[in-house]
Structures are given as structure tokens and as C-alpha cells.
Amino acid sequence: MAAHDGDVLGTLLMRESLDHCVKCTICETFCPVSNVTPLFPGPKYVGPQAERFRVGDEPSADASLDYCSGCGICTQVCPQGVHIAEINTQARAHLKATNGVPLRDRILARPTLAGRLGTPVAPVANWTLRNRALRRLAEQTIGIHHRAPMPRFAGRTFQRWARRHTALASERRVAFFHGCGTNYYEPRLGEMTVALLEHSGIGVDVPKQDCCGLPLQSNGLFDDARAYVHRLAERLAPHARAGVDIVGTSTSCTLMLKREALEILELGDDPALRAVSERVFDICEYLLALHERGELNTDFQPLAETVTYHAPCQQQGHGIGKPAMELMALIPELEVIESDATCCGVAGTYGLKREKYDIAMDVGAGLFRQVADNGSDRAVCDSETCRWQIEHATGVKTVHPVEMLHRASGLA
Amino acid sequence: MSHHDVVVVGTGLAGLAAAVRLAEAGARVLVLAKGIGATHLSGGTVDVLGYAPERVERPADALGAFLAARPGHPYNHVGGDGIRTALAWLEDRVANGSLAPYAYLGSLDENLLLPTAIGVPRPSAFVPATMAGGDLRRGGAGGDVVVVGFRALKDFHPALMADALGRSGIGVSARSVELDLVPEGRADVNALGFARAFDVPAFRGQVVAQVAARGLGAEDRVAFPAVLGIADPHGAWTGLEHGLGRRVFEVPTLPPSVPGMRLFAILREALRRAGGTVLLNNVVVGAEREGPRVSALRVRVGLREERRGADWVVLATGGFASGGLELDSRWAARETALGLPVTGVPAAGDERFRSGYFDDHPIARAGVAVDRELRPLDSAGDPVLENVLVAGATLAGAEPWKEKSGDGLSLSTGHRAAELVLAASTTAADPHAAAARI
């Protein structure tokens, strides 16, 4: 593993890549949003085409850009290497800087703030989030859809657990970037990750950390996003510089550190972020690499059950395929049905918004149908917001692949 | 570093054909690609040999003289039998594929003569059954060709096609019908938007009613843009034939090509079922070598460079249009993935292009030259790498747009590359390759 030659951030600069667009329209055939709503005319139209008309400080002519969910599939399928999704994210930030960012988006973009406020009063906060009258009120006042899948506060944080946990003494170490989702909503996932890594003889350090800034970036608040990701990179960089790999259970947030903040926020000059970027891995990517080196404890017990696996689009943005499928294939008797749907629709905070909730549910309809038709009592997905969306839409319990490996390792 | 029996580079027709054939034979296959390949841009037909340079009626008969006059043509490495085998293989993959009973028909024995969207007869050997009804070889066969289009579909103009067909001198009379139907909930409708609408019986019912209302002769056949369904194309096509009581056929449109997407979907799903993996945004930028063999590929993924080990590499990255080959402003050519030698580029001062669009341009046959085992050759004609095979539009020696041979070359050389790997693996003692035995 090495960083590609130093010129990558130069020659493949986001906006310049649009000159490679040959108008083949392949991105439009894969776009999950424009396939279900006429409100979004498609990635080629608002991306490489409209970008040519966005000049300097002139107002952006196309508000339809705000209906891009940022799933990134257009960039993945482009045969010419155009960074369509990244161009659109930058243009959306410009649009919002011109038109103003709603209070709703400012709230949704700060999961740490919500986590800090909600955790100590979790019972009240969870009741509030599930109270229909209050949710209707929230929809009318700030525009968060009353049915949008909001997570439950765990009432405790993973950081607190980690401080009390005695880390395994081992030469082989990783640093764990757990993200906000694990810290405030799914601390059990963090505990399972630590146990699973220790099961293979790897000691886990849990640096003090905060949000990576991805929700701020998605909602067009680039200055705040830069501050957050820089602060996080400063905290993780000492590990990276010491030659320690950084693993994360939140696949969109590891992608933020690996690539998106450098590209979309144009932070290529941030030495801490560059150091972190070269060392950060999605947890399943890391576990599979361990396995390829013969270092993963694969003494798995049989799990005689059937699950549906959905690879989230932002996990696909890593360009690593579906390592969770290969890992789960190591578990005896576990039958994994791979979903061929591209997107669950929620795309982070997109599907929570009043005007986008129905679009997100339509985008995910194919996936929800597959999960329901498979009749399995569990679905598996690498991304937290996608898990919440799938559970919301299907009622099927949806877990991170780590949970399957943790159970098969006899650690549950 | 991962290790696979075979890494296929490229996910167009050549790469997918090689990958599916290998994976179904039991090999561990990884496909690396920058993005989606050219299937989405092709008409979905497999043209084997349309012009040599006169129009070819029977490719099997024309192939011998055609190749004898062109010793550097890649079909020489496949031969008529190899092309037949590849066509039969694809016919079977489609017939047993995820969109069955959607099927292909045709053979090397004769070219069908299908109308293009601008009403020009085009020779093609192997085509979706949904297009075969457009065969113009027997002229109008009694009735008119009624070309149906949609005002909202900007990429297909029925009056243009009907007018040109009528003037083409092959004894076909044609007329056009343009409908104002717009699929519900669509802003800017392209071919795929219509294809999704045609998957829905209610939309087809509206089409049938409006076309029938314009009046059809008993012997007429009805041409549609190739948008008749994407999830259930057989159902859409037969539904229209039944509803109209006439032969219905599809005519390929501008990209995005729905028949091309169907072919991609069938092969992609066949690969998934056979356990093959596809990684997009994985750009091969070089290789690590052990003597005359590639041991691993260097792959740019995002901002990183990864290594992917392989016993065999099938290179199917396309030609100049797809970025498999590059030509800079000083006329230096390179093969972009492995830096293989490129032959056929005119030297400085030599003629590069001629004035007519369809002239014999000296640059046109540039590409990677290979031996009979599809191994890349240097300028002296010696193989440069033992375990790399090249397939598809990267190959030197063909002029696919003039010969109407592009998809035939991609399919047959991709399939041939897989056969060569399998044949070599059955005789090798290599433990990794052992898995690739049939």
C-alpha cells in the first residue's frame, strides 16, 4: 500500500476532470435519484454540463442540484474518470452559500452536538424523537420528515467504555476511528469491533475524537467541515505517523478521511490529513487484508441462518468491492443473499429531509423489496444511516458485518 | 495483496466475455475497471464482418479472403471456428441468463440487414431476437415498415428513418408515426426512461391503442426505437406483437443504448453468479514483473496505489476512445495500463489521416500487436510478457467501424483469451491455476 504518485491531486483535480466527459450518459443510467423523480435531472446534466455555466460568484442557475443525494454512484461508473459526484458536492456548497443553509441542515450536519445533548437525557430524547405530535411539529417548523428514521440514543458513549477497557497488550496495533454513530447510537458495535480485533491478537487504541465533518460537507457547510476534519486528522495523525493503521466502522466517514476531504474540501495541503489518508481503512477492508496475510482468526462457529447483505454506495466509493461478502463467506452454514440494489436512498441525511423523504424511500424500494422477499430475519449493511433506513422501511433488524463475525467468533 | 487466478482489466464486451467464461470454468476472477465499459454505448448487436470492403452477405464465406489480405488482423488469431464458438457461447449465456427468454439469434453463415435509426441498411450477424424482424433482405415483403417514435425521445426521429428507408433503393416503403406519450413522472426522458415505462403493461397498452388508431396494414411491420423494456424486454416485445397483431422490431438508438445495457446486465449477473468480482474506479497503472511474467498489477484506487496479484492477466481496456490507448499531441502512443508496445502509429512526417471520413486512415489500425496466443509483441515480433493476453479494441490491425467488426472482435478475442488461459492451466502444475480447470 502506498499513496499514488504525488500528482494525483494535481492532474485529477475535481473540476478539471469534467473536460474528460464525453456525454456518454452512462452516469445517468445508474443514477438512483433521477430514476425515481423528475426533480433531479441527472448527474451529467447538473454535473459536467451545468458546471460550465457556474462562473465565479455568479448565482447558480439550477437549484435542482440540491436534489443530488451525493451517493457517488455516478463517479463510480464513469468510464472517463470524471469526478461527477464531487463536482456536484462542491457546486451544491456554492449554491447553499448563495441561497443560505436552512437551520434544519445545520442541525442534521452536527451529529456530535446532537449526541452530546441527547446522550445524558437519552430516555427523554428518544421519547421526543418517537412522539408523533412532536415529530409533526418538527416537520412543520424545521423540515425534518416526521417519519424519517432517526436513531436512538444509547444513553452511554463508546468513548466512556473504551476509557475503562484494558487494551490488549500486543505488538500488532490499530487505532480505532469509531465515528459519531458508534459513539452515541451504537456503542455495542464499537465493543464488538475491539473484541473481534483482539480475537486476532491485535491491540486497539481508541484516540479521543470528534466528527469527521462529512455531514457538514454533504450539507454544503464547507468551512465548518474543514475545521472538523482537520481537528480529527490532528488527533489521528500521531498513530498514522507511527506506522499504525486506522480502522473505522463507519464506512462513509472512513471514505471522508481516505479521499473525500482531500478532494472535495481541497485539503491536499493538510499534512495531518495526508498522513491519515494513507493509513485509514474500512473495517472490513482491513479484516480481509488481515485474512489475505493469514492473520485473521477464522476459527468461526457455524451460524445456521440466512441474511441479506447490502453494500452501501459510500462503501462502494472506496473501490474495494464487497469485502464483507468475502468475510461472511468464511462463516460455516451462513447463507448470505447479496442485494443487487445500488442505494437505500437515505444517503446520510438526505432522506431525513421533508422534501426528500419520499424520494429516498422510492430509491430504496428495490432493496426493501429484496430484503422483505428473502424472508431472512436479519439484514447486513456496513453503513449506519443505511442500516437505520433499511430497518425503518422493512422492519428487518439490520446489523454491521462485524456483528456477524463477532457472533461467529463466539464472542457474543 | 490479494491474489487471483486471473485479473481481467476492463469491463466492456471483451473483458466481460473473458471473465464470465473463466469464472464459470471455476477460476477465481477479478475484474478491474476504470468505469463501465462500452456495452452501454453499443447497439447491442454483434457485427462480425459487415464490409470487406464490399457489403458481406455471408461472413463465413468472406472471412478467408478477408484475412488472407490482412495478415495483421486480430481475427487471424481466432479464426472462423473461434468466432463460431464465441457466438454459440454468448447465445447460450443469454438464453440461460438473467433476462431469459430474451435471446440472441444469427450466426456466421449470413448477415441480417437491419435498418439503422437513420434508415440505412446495416449488415449484422448476431442480434437480439427483438431486432431480427427488421431484416430488409427480402425488401418490404408485402407491407410497409411503420416507424413509431416519441416526441419526447430526442434521440430517435421516426420521420427521418422512414424517409431514408423509402429512398434506400431496397424496395421498402415506410411511413412514420410520432406519439405524444411521455412516461409518467419523467422530466428529461432518455431511452432508459422509455425502457422502464415499456416494462409496465399499462404503458404498452397505451402505445398499442395509439398506434392501432393510426391504422396498420395487414402485412405491415412496426419499428420501435430499442427501448422495449429493460427488466423484462421479452415480455415488452411479445406484448407489443400480441397487442398490435404485427411483427414488431427494435432499432438501436443513440447512447445510452438499452440493448447494450441488457447485454451488460446479463453478463454482469452471470459473472456474479459464478463468483467473479468487479472493482470499479480501479485504474491499472503498471505491473510488477518476475522475468517475462507479470506477478502483480499496480492499481490506482482513489488516492492510493494497491497491488493485485494474478497468475494471468487479460487486458481488455479498449482503444483510443476508451482510454486503453492514448496518443499525445506529439503523436507518441502508449498503452495506458501496462505500457505495452503500440504498433501502427505513423512516424513523424508520414501521412496520418486522409481527407475522407471513410478513407483508409494510416492511424486507424494502431494498437497492440499479439501472437496467436494473444500475447503482446514488441516491434521485433517477439512476445514481451508470457502471462498477459490482450483482447478487444486494444488490438492492432482492425478497422472495426469500417469493417463492422467491433463487437465480433471484442467477443471472440475475449472468449479466445479465456480459452487460452484455461488450456494453459490444465497443463500447468501451478497450484493457483489448478482451480481454473474445466
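# Close-up views of the predicted complex

**View 1. Helix α21 (residues 365-374) of chain A lies across β6, β7 and β8 of chain A, at about 170° to the direction of β6(A).** Helices (H or I, at least four residues) and strands (E, at least two) are DSSP runs, numbered from the N terminus. Axes are lines fitted to C-alpha atoms, for helices over the stretch in contact, and angles between N-to-C directions run from 0 to 180 degrees. This is a predicted model, in which local features need pLDDT of at least 70 and side-chain atom pairs count only at pLDDT 80 or more, while totals for chains, interfaces and linings use all residues. Residues are numbered from 1 along each chain as its sequence is written, and chains are lettered from A and ligands numbered from 1 in the order in which they are written.

**View 2. The sheet β7-β6-β8-β9 of chain A is open, with 4 strands and parallel pairing.** Two strands count as paired if DSSP finds at least two bridges between them. At the edges are β7 (335-338) and β9 (397-399) of chain A, each pairing on one side only. From one strand to the next, the twist averages 30°. Within this sheet, 3 bridges join strand β6 (residues 306-310) of chain A to strand β8 (residues 378-381) of chain A in the parallel sense. A:Tyr309 has A:Val380 in β8(A) as its bridge partner.

**View 3. Another open sheet of 4 strands in chain A has the order β3-β2-β4-β5, with parallel pairing.** The edge strands, each with pairing on one side only, are β3 (203-205) and β5 (280-282) of chain A. Direction ignored, neighbouring strands of this sheet are turned by 40° against each other on average. Strand β2 (residues 173-177) of chain A runs parallel to β3(A) and is joined to it by 3 bridges. There, A:Arg173 stands opposite A:Gly203 in β3(A). Helix α17 (residues 283-292) of chain A packs on the sheet and touches β4 (245-248) and β5 of chain A. The direction of helix α17 makes about 95° with that of β5(A).

**View 4. Chain A as a whole has 23 helices and 9 strands.** Its radius of gyration is 21 Å, close to the 22 Å that the globule rule gives for 412 residues, so chain A is as compact as a globular protein of that length. The radius is taken over C-alpha atoms, and the rule is 2.2 Å times the number of residues to the power 0.38. The C-alpha trace spans about 60 × 55 × 40 Å along the principal axes of chain A. Of the 412 residues in chain A, 55% are buried. Buried means that 20 or more other C-beta atoms lie within 10 Å of the residue's own; a residue is exposed with 12 or fewer and partly exposed in between, with C-beta atoms placed from the backbone. Among contacts in chain A with a separation of 6 or more, 77% are between residues 24 or more positions apart. A contact requires C-beta atoms, placed from the backbone, within 7 Å of each other.

**View 5. At the interface, 31 residues of chain B are in contact with 25 residues of chain A.** On the chain B side, β11 (277-279), β13 (293-301) and β14 (304-315) are the elements that give two or more residues. The largest share, 3 residues, comes from β14(B). By class, the side of chain B that touches chain A has 12 nonpolar, 12 polar and 7 charged residues. Ala, Val, Leu, Ile, Met, Phe, Trp, Tyr, Cys and Pro count as nonpolar, Asp, Glu, Lys and Arg as charged, and the others, Gly among them, as polar. For the complex, the predictor gives an ipTM of 0.92 and a pTM of 0.94.

**View 6. Two residues other than glycine have a positive phi: A:Thr25 and B:Asn281.** A:Thr25, with phi of about 75°, is in the loop between α1 (8-11) and α2 (26-30) of chain A. A:Thr25 is buried, with 22 other C-beta atoms within 10 Å. B:Asn281, with phi of about 55°, is in the loop between β11 and β12 (282-290) of chain B. B:Asn281 is also buried, with 23 other C-beta atoms within 10 Å.

**View 7. Cis peptide bonds in chain B join B:Ala52 to B:Pro53 and B:Ala100 to B:Pro101.** Omega is about -5° for the bond to B:Pro53, which sits in the loop between β2 (29-32) and α2 (59-68) of chain B. For the bond to B:Pro101, omega is about 10°; B:Pro101 is in the loop between α3 (79-95) and β3 (104-106) of chain B.

**View 8. Chain B averages a pLDDT of 93, and 96% of the residues score at least 70.** Over residues 433-438 of chain B, the pLDDT is below 50. Beyond near neighbours in sequence, this stretch has 21 contacts in the model. pLDDT is the predictor's confidence in each residue, from 0 to 100. Where pLDDT is low, the predicted coordinates should not be read in detail.

Methods. Contact = placed C-beta atoms within 7 Å.
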